Amino acid sequence: MAQHPLIACPHCARLHERLPIQAGAMAACTQCGYVLYRQSGLSLRSWLAVTYAALIVFAIANYFPIATLSVQGLVVHASLPYALLLTWQQGHEIVAVMTGLFAFGFPLGQICFLLWALQSIVSGRLPADFQYGMRVFHAIEPWSMVPVLLLGVFVAIVKLSGMASLQVGPGLWAIGALSGLLTMLSRVSAYRLWRYAEDAGLVPRSSADTTGDKVVAACLSCGCVQNLSSVSQDVPCLRCGAHVRFRKAAPIARGWALVIAAGILYIPANLLPVMVIRTPAGTTSHTILGGVIELWDLGSWDLALIVFVASVVVPMTKLFALIALMVKRHWRSVGIQRQRTRLYELVEFIGQWSMLDVFVVILLSAMGNFPGLTQITAGPGAASFGLVVILTMFAAMSYDPRIGWDERFAYRRPNHPAASVKPG
């Protein structure tokens, strides 16, 4: 039995003992190099204060307007809730729901669940439903997209700066601050919260019998390492109650299904207009590439490049990277497997940034809503593009990078060394 809690690398299944490390340092897997955990210099109460600040800033960001625009005596106070409501009223319910969840619902849920969990751990008393709340928190973490929303605001302002008199509102500064706070709070993941509770003696310790050929698996919801009777067994987690499997169920079949579906939807997402502009002079439609060209013509080559990368390069990179990972899963070379792990980490990191164009469209619909003069609405391509983003993110979540290391029997190695410690 290990003297310290066990931690399993989610990318290669290598077992390690979770040893205390210095503030600012991080522990990496000795096999694949994935960062297993970091040690923050902030205490639990400090993280709690940051979370309270994020909640206050979130309220400011959604109550006050992002920008105030005026044309010929008509004034629009554009905010995110107004943009979501207007998009729904215009008949684009799918786009409104997607953006409402990613820019409002999930960020608010992330803050509230984090506040609740930190408060529970600090008080030393966990509520009876702590395990269920933490499972929900873990599920919504990847879908909070405030930094993408902030970039979308900048793109929308640049596009409308020459059409109307524009004054930046308090909501923009609040979204900028919220983006920084949520990026900071993303370090306090569900895994880290479980480790805080584990160190405080509030939840069972992560441990397993690693002697002989015992099968060991880690819960993907809380990280708890435990034994299974066989590789085909599916049992509830001893700590959080989630289903624990040796490997994800049918990762390749599900991954291919989602990638193919995303590839099919990617065609109308690029061919159909994502935005429609109606003026007294007529109606014009803009595709994704059309929006990039428009930004370039406005002289904003930097934003044009960012939108091109986020809306064209990133989705294609995700699709081709996932295909490459699924085509050949087993390599004997440790070096190649490490490169494949880095590729999967890239797919996880860039996943949400493709939503940039969808955010730009709904923000423009609010900022450019001048009845009788100009009306901007989402086009049919916006919903298709948003679904492509969702499907590729689900495909990345369905894929199991550990299967590439199974040929090396990493899960059966009885030794579990400490992870390599690196400066933060």
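Predicted model: local features only at pLDDT ≥ 70, side-chain atom pairs only at ≥ 80, totals over all residues.
Residues are numbered from 1 along each chain as its sequence is written, and side-chain values use heavy atoms, with hydrogens and water left out.

**Exercise 1.** Describe the lining of the second largest pocket.

*Solution.* Begin with the term: on a 1 Å grid over the protein atoms alone, a pocket is an open set of points where a 1.4 Å probe fits, with protein on both sides within 12 Å along at least five of seven lines, and lining residues have an atom within 4 Å of a point. The volume of this pocket is about 210 Å³, where a volume is the space filled by probe spheres set on the points, and grid points are joined across faces, edges and corners. Its lining consists of 14 residues, and Arg18, Tyr37, Gln39, Arg195 and Asp199 lie nearest the centre. Next, assign the lining to elements, which are DSSP runs numbered from the N terminus (helices: H or I, at least four residues; strands: E, at least two). Two or more residues come from each of β4 (35-38) and α7 (190-199), and α7 gives the most, with four residues. Finally, sort the lining by residue class: six are nonpolar, three polar and five charged, counting Ala, Val, Leu, Ile, Met, Phe, Trp, Tyr, Cys and Pro as nonpolar, Asp, Glu, Lys and Arg as charged, and the others, Gly among them, as polar.

**Exercise 2.** Determine how helices α3 and α12 are oriented to each other, and which residues meet.

*Solution.* The axes of α3 (residues 93-123) and α12 (residues 356-367) come within 10 Å and cross at roughly 110°; such axes are lines fitted to C-alpha atoms, for helices over the stretch in contact, with angles from 0 to 180 degrees between N-to-C directions. The two helices are therefore roughly perpendicular, the word used for 65 to 115 degrees, whereas angles under 35 count as roughly parallel, over 145 as roughly antiparallel and the rest as oblique. Taking contact as heavy atoms within 4.5 Å, one finds Val95, Thr99, Phe102 and Ala103 of α3 meeting Val358, Phe359 and Ile362 of α12. By class, the residues of this contact are six nonpolar, one polar and no charged.

**Exercise 3.** Compare the backbone and setting of Ala13 with those of Ala250.

*Solution.* Most residues other than glycine have a negative phi. Ala13, however, has a positive phi of about 75°, and Ala250 has a positive phi near 45°. Ala13 is found in the loop between β1 (6-8) and β2 (15-17), while Ala250 lies in the loop between β11 (243-245) and α8 (251-271). For exposure, buried means under 20% relative accessible area, exposed over 50% and partly exposed in between (1.4 Å probe, protein chains only). Ala13, at 9%, is therefore buried, and Ala250, at 44%, is partly exposed.
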